[in-house]
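Hi everyone, thanks for coming.

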Amino acid sequence: MGKTQKFEQVAYLYIKDQILRDNWKTGHHIVEADISDRLSMSRSPIRAALSVLEEEGIVETRPYRGYFVKEAPNNESIIALRGRYALILWFRLLDRMVKNQTDGAVIKEECDQLLRGLKQAFNDHNRENFYNGLLEILRTLTSLGDHDFLEEECVEACRALIAAVNDSMGNEENDFFSTQIWILMYVENISYLMTHNRFDDTRVIAEMLVRSTLNWLPEDIQDDFESHSIYALR
């Protein structure tokens, strides 16, 4: 995926996420300058994303006034979109780390401590502590991107995905933890790669982590993740 398309997809998913979560209701005026400031990008990819959303019938243009929310799609899974959004934000933050020549070693000690706590929660079959620990280490890792808004959006999208898995797994603790061993392994690998400045290598594992998480959700959500956006992941 080229740099311009990455920006377009971040803008596309951000706008669609706001609409699907009902933060922007029908008739809401979409201000390009506000999105530009929040996402730290020029208006060109934002306009390209809005053009796609207009083709999808989600937004509309009004002469001399700009773009407005037309209606939220009623046939898309918000969890699938949030999974895609989380992944693309990861990619965007990793791009920033590469560009800024970030030193991942600055968070190694903190990540090692958080990983020990995560493993302890896993061994204790403490689901709440496991999920809280997972979000905390994701927050620490994304902090290397040095962009508060993108970091928070990424963590919140991950939180929604994790909550959906938690709900779908029910109360069978043994079944739950027998499946979450893969999540633990991916997070451990991501932590190692990022604290050793291997940000480009992290992309593949991040995608595997999101897809592995989606595997525990209904097939229609998995299908939505693959097909709801015109943008390719790469």
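Which domains does the domain assignment give for the protein chain? There are two: domain 1 covers 7–69 and domain 2 covers 78–228, with bounds taken from an automatic or database domain assignment.

A word on the ground rules. This is a predicted model, where local features need pLDDT of at least 70 and side-chain atom pairs count only at pLDDT 80 or more, while totals for chains, interfaces and linings use all residues. Residues are numbered from 1 along each chain as its sequence is written, and side-chain values use heavy atoms, with hydrogens and water left out.

Now to the interface. The C-alpha centres of the two domains are 27 Å apart. In contact (heavy atoms within 4.5 Å) are 14 residues of domain 1 and 13 residues of domain 2. Together they bury about 1300 Å², 66% of it from carbon and sulfur atoms; buried area is the accessible area (1.4 Å probe) that two parts lose on being put together, summed over both. On the domain 1 side, Val10, Leu13 and Asp17 supply 35% of the area buried against domain 2, more than any other three residues.

Asp17 comes up again: its side chain meets that of Arg82 in a salt bridge at 2.8 Å, N to O. The rule, a side-chain nitrogen of Lys or Arg within 4 Å of a carboxyl oxygen of Asp or Glu, finds one salt bridge across this interface.
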